[in-house]
Amino acid sequence: MKTIQLLLSSIVLLSLLLSCSKDDIDNDNTLTGSYKLTSWRVETPIDLDNDGVASLEFEPGCLNDSELNLGTNHSGSLLYTSFVSYNTYLEDGKTVFATSCSMNTDLDRNTLSYTESETSIFIALNGNTYSAVKNGNTLLMHIPNGFIATDVDTSETTIEQDVTYVFNKQ
C-alpha cells in the first residue's frame, strides 16, 4: 500500500513540475509590479549622439535605473533618476544635439493612478493622462510631445515629438 501511495505521489509531483514551463514564469500577465526603464523611442529618427546615424530607439542613458511601480489598488509611482534636457544648434547647416543630465538627488517619486481597459492602461500623472500597453513583461508608455529639444541660443523649440518609454517588469 505504501508503495502505491509513494508511486502516486511521485506521479503527481512529476506532473506538477512538468506542467510549468519557463514561458509561464517569464510571461507574467499581472499588471502590478516594478518595471525598469530599458529604452525609449521617438517617431521620427534623430541623430542624438551626432554620429551621422539617425535612430528611433535609445538606451535610457541619463535615465538609467528609472522605474515605474504599479500597485494592486490602481496607484503607483514613477521615479526618474535624472532631469534631462536636449538642446540643438546648427553647425555647417546640420542640426547638432547637446544633451544635459542633472541627477535627481532627492529621488522624488511621482505618485500616479491608473485604470485598465481590455487593450490599454491609462496612467494619470501630474495632471496628465498617458496611455500604455502591456505586452508580456514589457510596458510601453506613450507621452505625446514628450521629446522636446530647444535651440541653445534662442531657447525656442526646435524638435518636438512623441516619445514611448519601454519598461520591463522586474
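Mentor: Start with the ring rule: rings of Phe, Tyr and Trp (its six-membered ring) pair if their centres lie within 6.5 Å; planes under 30 degrees apart count as stacked, over 60 as edge-to-face and the rest as tilted. This is a predicted model, so local features need pLDDT of at least 70 and side-chain atom pairs pLDDT 80 or more, while totals for chains, interfaces and linings use all residues. Residues are numbered from 1 along each chain as its sequence is written, and side-chain values use heavy atoms, without hydrogens and water.

Trainee: How many aromatic pairs does a search of the whole structure find?

Mentor: The ring rule is applied to the whole structure. The search finds 7 aromatic pairs.

Trainee: Is Phe167 buried or exposed?

Mentor: Buried means under 20% relative accessible area, exposed over 50%, partly exposed in between (1.4 Å probe, protein chains only). Phe167 has 1%, so Phe167 is buried.

Trainee: Which residues form one aromatic cluster?

Mentor: The cluster is made of aromatic residues. Its members are Trp40, Phe58, Tyr86, Phe97 and Phe147.

Trainee: Which residue does a disulfide join to Cys62?

Mentor: A disulfide is a pair of cysteine sulfur atoms within 2.5 Å, and the count comes to 1. Here the S to S distance is 1.4 Å, and the partner of Cys62 is Cys101.

Trainee: How many residues apart are Cys62 and Cys101?

Mentor: Helices (H or I, at least four residues) and strands (E, at least two) are DSSP runs, numbered from the N terminus. Cys62 sits in the loop between strand 2 (55-58) and strand 3 (67-70), and Cys101 in strand 6 (residues 94-103). The pair links distant parts of the chain, 39 residues apart.

Trainee: Which residue meets Asp65 in a salt bridge?

Mentor: A salt bridge is a side-chain nitrogen of Lys or Arg within 4 Å of a carboxyl oxygen of Asp or Glu. The search finds 4 of them. For Asp65 the N to O distance is 3.4 Å, and the partner is Lys36.

Trainee: What is the N to O distance between Glu67 and Arg109?

Mentor: Glu67 is partly exposed at 21% relative accessibility. Arg109 is partly exposed too, with a relative accessible area of 41%. Their side chains meet in a salt bridge at 2.7 Å.
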